Amino acid sequence: MAGKGNNGGDGVVIARILKERGFSIELWMSHKGGSVAEDAQRALKIYENCGHSYKIYEENEEAFQTSLRKSTIIVDALLGIGTKGKVRDPYRSIIEEINDANKIIYAVDIPSGLNADEGEVDVAIKAHTTFVIQGAKQGAFLFPSANFYGEIKTVDIGIPSSVI
């Protein structure tokens, strides 16, 4: 499940790589392609140019629920570190449906719905494992948000430690 921001773009790249490695992937986008951020749009164009298609959550909620039931693992790339305040629809509905599906959930960088810097939680993905980019954000160590990360694994993308 990919959102319309940079985290969603990461999700599209992950879907493409997994497809290229032979995994059965169904990519769902929260919004139509024209409303996504520039980097995510670029990732979607590459994904489509590789011959892959995706589905859009808006107006396809029933099909999304069917897809969730068939899935074994869900990759959460819906919302990223820019999340602030209460989570609004369609994100709130998507998060609740994913959590209710009772599947293994891998979050990309931060479970969707959490604030990267604070411990407060409105509604958020309850991940089994969160693959944090370069390092965990402060919110991963504050409660109650720390309870939503599951196991934390760090993905080093080569950012020099002097910059961090």
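**Exercise 1. The surroundings of N115**

In which loop is N115 found? Determine also whether N115 is buried or exposed, and which residues N115 touches.

*Solution.* The structure is a predicted model, in which local features need pLDDT of at least 70, side-chain atom pairs count only at pLDDT 80 or more, and totals for chains, interfaces and linings use all residues. Residues are numbered from 1 along each chain as its sequence is written, and side-chain values use heavy atoms, with hydrogens and water left out.

Step 1. Locate the residue. N115 is found in the loop between strand 4 (104–108) and strand 5 (129–133). Helices (H or I, at least four residues) and strands (E, at least two) are DSSP runs, numbered from the N terminus.

Step 2. Classify its accessibility. Buried means under 20% relative accessible area, exposed over 50%, and partly exposed in between (1.4 Å probe, protein chains only). N115 counts as buried because its relative accessibility is 10%.

Step 3. List the contacts, where contact means heavy atoms within 4.5 Å. Not counting residues up to four places away in sequence, N115 touches T83, K84, I110 and G139.

Step 4. Examine the polar atoms of the side chain. A polar contact is a pair of N or O atoms within 3.5 Å; within protein, one must be able to donate a hydrogen and the other to accept it, and residues adjacent in sequence count only if both atoms are side-chain atoms. A polar atom of the N115 side chain lies 2.7 Å from the backbone nitrogen of D117. The N115 side chain also reaches the backbone nitrogen of E118, at 3.2 Å.

**Exercise 2. The salt bridges of D122**

Find which side chains meet D122 in a salt bridge, and state which residues are joined into one network.

*Solution.* 

Step 1. Side chains of opposite charge can pair when their charged atoms come close. A salt bridge is a side-chain nitrogen of Lys or Arg within 4 Å of a carboxyl oxygen of Asp or Glu. By this rule the count comes to ten salt bridges.

Step 2. Take K86. The side chains of K86 and D122 meet in a salt bridge at 3.8 Å, N to O. This pair links distant parts of the chain, 36 residues apart: K86 is in the loop between strand 3 and helix 4, and D122 is in the loop between strand 4 and strand 5. K86 is exposed, with a relative accessible area of 62%, whereas D122, at 32%, counts as partly exposed.

Step 3. Take R92. The salt bridge between the side chains of R92 and D122 has an N to O distance of 2.4 Å. R92 lies in helix 4 and D122 in the loop between strand 4 and strand 5, so this pair ties together parts that are 30 residues apart in sequence. R92 is partly exposed, with a relative accessible area of 23%.

Step 4. Salt bridges that share partners join K86, R92, E96 and D122 into one network.

Step 5. V87 is placed in the loop between strand 3 (73–76) and helix 4, and V87 is buried, with a relative accessible area of 6%. Leaving aside neighbours within four places in sequence, V87 is in contact with L79, R92, I95, G113, D122 and V123.

**Exercise 3. A buried charge**

*Solution.* 

Step 1. Locate E97, which is found in helix 4 (residues 91–100).

Step 2. Identify the polar partner. The side chain of E97 makes a polar contact with the side chain of Y57, at 2.9 Å.

Step 3. Complete the contact list. Leaving aside neighbours within four places in sequence, E97 is in contact with Y57, F64, Q65 and L68.
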